[in-house]
Amino acid sequence: MPSPTPMQPSVQGRKVLLIVSGGIAAYKAAYVGRSLALLGADVRVVMTRSATKFIGAQTFAGLTGNPVSTELFGGGPDVPHVELARGAELAIVAPATANLLAKMSAGIADDIASATLLTVRCPVLVAPAMHTEMWENPATRSNIETLVGRGVYVAGPTAGALSSGDEGQGRMVEPGEIVSEALGILGRSQELAGVRVLVTAGGTHEPIDPVRFIGNRSSGRMGVTIAAEAAGRGAKVTLVAGALSVPVPGGIEVIHAPTADEMRSAVVARSTESDVIVKAAAVADFKPEVVASSKIKKSSGPPEIRLVPTPDILRELGTDGSIRKAGSILVGFAAETEADPRGLAAYAQEKLTLKGADIIVANDVASSDSGFGVETNRAVIATAGGVRELGLVSKRDLARGLVDEIIRQRGSTPH
Ligand code: PMT
């Protein structure tokens, strides 16, 4: 079992919830609880009724030194799931059955485990464990995708021996791996405490008439993932959102700004109080000069629509120092489609100077596995110090790398 290395921060007194659902791997959760308790964390265990068929609550009570919760109703005046959730700094679900993942995804709260998970405001780490067929079922795939989109961390599963003598994908990762991941999340969760982060996400819709608009294919996933990463590290995050087709995790303030003009107003209104501004939104560069007050009739023939430029919000923030907080960090994105032989790095460096940003993330939006809508991105991160090529990464990993860079520029080292 791991102990914290000199690089890992102490978890002494940190409040960790360990939520155990019913699967053969439930016995391994005892090692997770024991390790974290030995490292000094204040571990509170919650068990589903099915979990108690696999391992006794008394085992967890003995290993953690805390009472174990198995019932939604405590009999007293307190509401157990609210009391458990308040103040929790990390919730670990191990093993996470297909059933509990489905409840989490749907927001169902019909037992102590699901009710606590619906109430927590802290990062959540799940370690799925189930038979291969259940893991591969489209319902489970979709539930996992929903949870990842909301910022939930997922460890595993891995391939190996399952219950009933079966073998395959669906085995819970080993307790040591869960503990390492938990230590990492706890370490990072305070890095941006007290820092105000403003993120823009999604595409703007520039109206042509009451029913039509000029838009783009941004889903908002990139910006929302960055917002979730910053919130997971303790920042107070505001998301200025254009059109989004992904859910926003709880705890993030959302301001709707459907057009480039509205987005500019929302960003500028908050720019003097923001320590970090990340412009991941796909803002239209042009809008119709005139918006028709009623639906343009097909019978009138194809309309001529004259376009005029929208405000370049990033450039304004980067070049007019008076509208930003002194010492704040400005991050811009660059969406590139042309195969420039100089590569993304050259675009990124060009935009860094042109827009007056501290960091530019240039991403390829022409490939099917990168840019708009998808879960992965091919990107580089450019700063005054040089360019870091990330290659093809998940948007979660890109967000993590970007937030690490922001923390470095703020003058502290990320964990
Ligand atoms: O939302 P997803 O589906 O996850 O897709 C993610 C993404 C591809 C939209 C995202 O990664 C991305 O590249 N966002 C920026 C898209 C864009 O508008 O790029 P650009 O090269 O046109 O603009 C450069 C920068 O200027 C961007 O930071 C943009 O927010 C900003 N800008 C652009 C125009 C404008 N009028 N005002 C701006 O502030």
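Which strand does L307 lie in? L307 belongs to strand β16, residues 307-309. The model is predicted.

**Surface patch**

L307 is partly exposed, with a relative accessible area of 40%. Together with F286 and I305, L307 forms a nonpolar patch on the surface. The accessible area of the three together is about 270 Å².

**Ligand site**

There are 30 residues around the ligand. S218, S219, K279, N363 and G373 come nearest. For R221, a polar backbone atom is 3.3 Å from an oxygen atom of the ligand. T310 uses a polar side-chain atom, 3.2 Å from a ligand nitrogen atom. K351 places a polar side-chain atom 2.9 Å from a ligand oxygen atom. Taken alone, the ligand exposes 770 Å², and the protein buries 95% of that.

**Helix α10**

R221 is also one of the residues of helix α10, which covers residues 221-232. At 1.5 Å a residue, its 12 residues should span 16 Å. The end C-alpha atoms are 16 Å apart, which agrees. Buried means under 20% relative accessible area. By that cut-off 11 of the 12 residues of α10 are buried, so the helix is largely enclosed by the rest of the structure. Among the buried residues are R221, M222, E229 and G232. G234 follows α10 and has a positive phi, near 100°.

**Salt bridges**

Side chains of opposite charge can pair when their charged atoms come close. The structure holds 21 salt bridges. Three of them are listed here.

| Pair | N to O distance |
|---|---|
| E89 and R14 | 2.5 Å |
| D261 and K287 | 2.7 Å |
| R264 and E316 | 2.6 Å |

E89 and R14 link distant parts of the chain, 75 residues apart. E89 sits in the loop between α4 and β4, and R14 in the segment before β1. R14 is buried, with a relative accessible area of 12%.

D261 in helix α11 and K287 in strand β15 are 26 residues apart. D261 counts as partly exposed at 32% relative accessibility. K287 also counts as partly exposed, at 22%.

R264 lies in helix α11 and E316 in helix α12, 52 residues apart. R264 is partly exposed at 27% relative accessibility. E316 is partly exposed at 22%.

Which residues are linked in a network of salt bridges? They are E191, E229, R233 and D404. E229 is also a buried residue of α10.

Definitions and conventions
Residues are numbered from 1 along each chain as its sequence is written. This is a predicted model: local features need pLDDT of at least 70, side-chain atom pairs count only at pLDDT 80 or more; totals for chains, interfaces and linings use all residues. Side-chain values use heavy atoms; hydrogens and water are left out. Patches are made of residues with over 30% relative accessible area and no salt bridge: like charges are joined within 9 Å, nonpolar side chains (Val, Leu, Ile, Met, Phe, Trp, Tyr) within 5 Å. Accessible areas come from the Shrake-Rupley method with a 1.4 Å probe; for residues, only the protein chains shown count as cover. A salt bridge is a side-chain nitrogen of Lys or Arg within 4 Å of a carboxyl oxygen of Asp or Glu. Helices (H or I, at least four residues) and strands (E, at least two) are DSSP runs, numbered from the N terminus. Buried means under 20% relative accessible area, exposed over 50%, partly exposed in between (1.4 Å probe, protein chains only). A residue is near a molecule or strand if one of its heavy atoms lies within 4 Å of it. A polar contact is a pair of N or O atoms within 3.5 Å; within protein, one must be able to donate a hydrogen and the other to accept it, and residues adjacent in sequence count only if both atoms are side-chain atoms. The expected span of a helix is 1.5 Å times one less than its number of residues.
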